[in-house]
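User: I would like to go through this structure with you, beginning with the overall picture and then turning to charged and aromatic side chains. Could you put it up first?

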Amino acid sequence: MSDELKQVAQGFRSRVETFTVYDVNGYRFRTRSYEDSRPTRKTTCSGVRTSGNDNLDYYGIVEEIYELHFEGMKELKPVVFKCHWFDPNEVRRQDDIGQVEIRQDSVYAGEDVYIVAQQATQVYYLPWACQDDKRLKGWFLVHSVSPRGKLPVPTDDDYNFDPTADNGEFYIPEGLNGHLSIDIESLMDMKVDNEVDEDEGEVVQDPEDIIMLEKWRACRELGVEDSTAQARKDFQWSDSDDDDDDDDDDSDDVEPTTIVRGDAF
């Protein structure tokens with residue numbers, strides 16, 4: 001008998017650590033109580049699947065997550081999931097299209113409700129939209145989740161197939177007769193305003209302001225290298241310039257112009 005088996009046979013501590021979230025096998029599992037406490041969540045991670053020794057697949061919901069501590073020479077801390085299992089005999093399969101359905105109102109009659117975390121794969125369940133159909137009412141579709149960073153390994157069958165052959169590999173659901181029109185404006189209560197506000201600028205009429213703006217525009221056209229020096233040289237406003245402007249009547253002939261906010265001068 002191995003030392004690890006002897007250590008496990010002695011039992012684990014009476015106190016165990018519990019988790020509400022646990023990452024394993026490339027999945028993130030959450031307990032049912034954790035998800036129920038967050039009604040606005042956008043994802044669900046409590047669905048679980050495992051294979052039994054009887055060649056049946058068991059589907060359920062993670063109820064609790066425990067970490068056990070076994071005393072001994074080696075540190076043994078296995079993590080186990082306590083799950084609510086659905087009845088494995090209440091399962092409908094269509095292997096030709098890979099469809100699996102379960103009933104969440106069914107309950108597994110056995111007492112073995114624990115699995116080691118490494119035995120778990122993640123799934124989620126979606127009800128049929130048409131619950132008025134007696135054939136679909138109460139049944140949930142099972143969707144498998146791909147592990148993070150672990151894409152399925154392709155096989156030869158993924159490349160060698162004939163799309164025109166009717167071998168059941170391709171499934172297209174039947175569509176509805178007629179057509180559907182959606183009035184987006186009435187649904188969203190939105191108004192489309194295509195009018196352009198023409199009052200987006202200010203009319204500059206002061207001759208001195210117009211001259212200053214034109215000089216700044218010319219300064220920007222000089223380039224990056226000498227714009228600063230040229231600006232200081234050509235656009236130096238002094239008292240002597242103001243005196244000369246008083247005697248100069250040419251500025252009165254400057255036409256008003258419109259400067260739009262945000263214009264690059």
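**Overall picture and side-chain pairs**

Analyst: Buried residues make up 22% of the 265 residues in the chain. Please note that this is a predicted model.

User: How many helices and strands are there in the chain?

Analyst: The chain has six helices and 13 strands. Of the contacts with a separation of 6 or more, 56% are between residues 24 or more positions apart.

User: Take helix H4. What should its residues span, and how far apart are its end C-alpha atoms?

Analyst: Helix H4 covers residues 207-221, which is 15 residues.

User: Changing topic: where is Glu-67?

Analyst: Glu-67 belongs to strand S5, which runs over residues 57-67.

User: Which side chain of opposite charge is nearest to Glu-67, and how far away is it?

Analyst: That side chain is Lys-77, at 5.0 Å. Glu-67 is buried yet has no salt bridge. A salt bridge here requires the nitrogen and the carboxyl oxygen to lie within 4 Å.

User: What does the side chain of Glu-67 make a polar contact with?

Analyst: The partner is the side chain of His-69, at 3.4 Å. Leaving aside residues up to four places away in sequence, Glu-67 touches Val-16, Glu-17, Phe-19, Lys-77, Pro-78 and Val-79.

User: Back to Lys-77, then. Which side chain does Lys-77 meet in a salt bridge?

Analyst: Lys-77 pairs with Glu-75, with an N to O distance of 2.8 Å. Lys-77 counts as partly exposed because its relative accessibility is 38%. Glu-75 has a relative accessible area of 63%, so this residue is exposed.

User: How many salt bridges does a search of the whole structure find?

Analyst: The search finds twelve salt bridges. Among them is the one between Glu-101 and Arg-92, at 2.9 Å, N to O.

User: Is Glu-101 buried or exposed?

Analyst: Glu-101 counts as buried, because its relative accessibility is 4%.

User: What does Asp-105 form a salt bridge with?

Analyst: Asp-105 forms one with Arg-103, and the closest N and O atoms are 3.0 Å apart. Asp-105 is exposed, since its relative accessible area is 54%. Elsewhere, salt bridges that share partners join Arg-30, Glu-35 and Arg-41 into one network.

User: Now the rings. What is the count of aromatic pairs?

Analyst: The count comes to eight aromatic pairs. One of interest here involves Tyr-58 and Tyr-108, whose ring centres are 5.5 Å apart. Their planes are at 80°, so the pair is edge-to-face; planes over 60 degrees apart fall in that class.

User: Where in the chain are Tyr-58 and Tyr-108?

Analyst: Tyr-58 is in strand S5, whereas Tyr-108 is in the loop between strand S8 (99-103) and strand S9 (114-116). The pair links distant parts of the chain, 50 residues apart. Tyr-58 is buried, with a relative accessible area of 12%, and Tyr-108 counts as partly exposed at 25% relative accessibility.

User: Finally, which residues do ring pairs link into a cluster?

Analyst: The cluster consists of Phe-19, Tyr-22, Tyr-27, Phe-29 and Phe-81. Phe-19 is also one of the residues that Glu-67 touches.

Conventions. Residues are numbered from 1 along each chain as its sequence is written. This is a predicted model: local features need pLDDT of at least 70, side-chain atom pairs count only at pLDDT 80 or more; totals for chains, interfaces and linings use all residues. Side-chain values use heavy atoms; hydrogens and water are left out. Helices (H or I, at least four residues) and strands (E, at least two) are DSSP runs, numbered from the N terminus. The expected span of a helix is 1.5 Å times one less than its number of residues. Buried means under 20% relative accessible area, exposed over 50%, partly exposed in between (1.4 Å probe, protein chains only). Lys and Arg count as positive and Asp and Glu as negative; His and the chain ends are not counted. A polar contact is a pair of N or O atoms within 3.5 Å; within protein, one must be able to donate a hydrogen and the other to accept it, and residues adjacent in sequence count only if both atoms are side-chain atoms. Contact means heavy atoms within 4.5 Å. Rings of Phe, Tyr and Trp (its six-membered ring) pair if their centres lie within 6.5 Å; planes under 30 degrees apart count as stacked, over 60 as edge-to-face and the rest as tilted.
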